[in-house]
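Hi there,

Here is the structure I promised to pass on to you. Have a look at it first, and then read my notes on what turned up in it.

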Amino acid sequence: MKKIHVGFLLSYDYELLKKSLPTVYQDADRIFLARDKELRTWKGQTFTIDSAFYDWLKAFDVDDKIEIYEDDFYVPELSTMENDTRERTMLSQKMGIGNWLIQVDSDEYFIDFKKFVADLRKYDHYLDNPEKNKIQIFAFWLIIYKYTQNGILYVDQPQKAVFATNYPNYTQARRTSERVIYVDSLVLHESVARSESELRFKIENWSHNVDVNPDFLDKWIQVDETNYEQMTDYYYIEPERWKKLSYFPTHDIAEIKNFMAGSANLKITKTFIALKNFGQWFKFLFK
C-alpha cells in the first residue's frame, strides 16, 4: 500500500503514450493501461491499435511495471461523460485504494514527475484512512493549442487540472467533489493540438462531445502564428476561459521546457499555492 500507481487510458490516441509514459515511468511503482475489451470509444465508435505499439510497449517496459487492464468500459445507455467517469472509477479501483491513484491522459506530459511524487508524499497520511479523509491533488496544465508550420501556439496562462486522489469517488471524469490540495507541478497538455482529422474524431468521441462550442473548430483552423494576436477566446466550451494564446517558435519539447523555466508568465509562485490551499482548507474545515 501507499504505492505510486499511475493509470492511463489506452484508446484511439495510443501513439501519444510513447511520449507520456516515459515522463512517469521511473518514479511510478506500477502503471495500468485501461483498454476497452471491444476497442470502443465512450461514444461507441471502434478504433484499432497497431500491433507495433505492443511491441514498443514490451520493449519499453524494462522493469515489468506496466499492466493492461481490459474491461467493458462502454455502456450505450450512458453519456460520453458518464462513460468517461465510469472507466476512470473502475481503473482507480483496479489500481487499489490505499495507494496514490494518479491518472494521466496520453496527451499529458509531466515536466518533473519526480517532484510531483515528492510533493504527493508529503500527504501520505491521507492514505491511512482514505474513505474518511478524501482529497484530490491538482497540478497545472500548460495547454498546447495547435502546432503551426514553425512552432506551437499555447494558452498563455497555466490552467489547474486534477491528477491524483486517495479515494476515487469521481463525479466528472477524474474530478471528485472533495478538498483540493494544489502543488506547483506543470504538465504539458496537447489537448486540442492534433491534425484536423484527429481533432474532428476526438471532438466526436470524447466526454465533452455535446459541449463543444459550434464556433470552436473554425477558429482553430484559422489561427496560426501570424494572426493569433488579433484573435481571442479560444476555449472549446466557454471560449473566454482561454482568452489569449502565445507562441513558441519550436516543435522541440525539450526547448519548450527550457522556455517555460524562463517565462515569468508561466511561473506558479509559492504564495499563490499557499493561498489556494488555505482557501480549500477553510472551505472544508466544517464539512
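The largest pocket has a volume of about 990 Å³. Among the 43 residues lining this pocket, D105, W141, S207, H208 and Y236 are the closest to its centre. Before we go on, please note that this is a predicted model, where local features need pLDDT of at least 70 and side-chain atom pairs count only at pLDDT 80 or more, while totals for chains, interfaces and linings use all residues. Residues are numbered from 1 along each chain as its sequence is written, and side-chain values use heavy atoms, with hydrogens and water left out.

Some words need explaining. On a 1 Å grid over the protein atoms alone, a pocket is an open set of points with protein on both sides within 12 Å along at least five of seven lines; a cavity is a set where a 1.4 Å probe fits but cannot get out; lining residues have an atom within 4 Å of a point. Grid points are joined across faces, edges and corners, and a volume is the space filled by probe spheres set on the points.

Which elements each supply at least two residues of the largest pocket's lining? They are β2 (30-36), α3 (80-95), β6 (135-147), β8 and α5. Helices (H or I, at least four residues) and strands (E, at least two) are DSSP runs, numbered from the N terminus. By class, the lining of the largest pocket has 17 nonpolar, 10 polar and 16 charged residues. Here Ala, Val, Leu, Ile, Met, Phe, Trp, Tyr, Cys and Pro count as nonpolar, Asp, Glu, Lys and Arg as charged, and the others, Gly among them, as polar.

H208 sits in the loop between α5 (196-205) and α6 (216-222). H208 counts as partly exposed because its relative accessibility is 21%; buried means under 20% relative accessible area, exposed over 50%, and partly exposed in between (1.4 Å probe, protein chains only). In sequence H208 and T80 are 128 residues apart, yet C-alpha to C-alpha they are 7.3 Å apart in space.

The second largest pocket has a volume of about 290 Å³. Its lining includes I111, D112, K115 and D184, and β9 and α7 (253-261) each supply at least two of the lining residues. By class, that lining has 6 nonpolar, 1 polar and 5 charged residues.

Finally, two backbone angles to look up. K2, in the segment before β1 (4-9), has a positive phi of about 60° although it is not a glycine. S191 also has a positive phi, near 45°, and is a residue other than glycine. S191 lies in the loop between β9 (179-189) and α5. Is S191 buried or exposed? S191 is buried, because its relative accessible area is 2%, whereas K2 is partly exposed at 30%.

Enjoy exploring, and write back with any questions!
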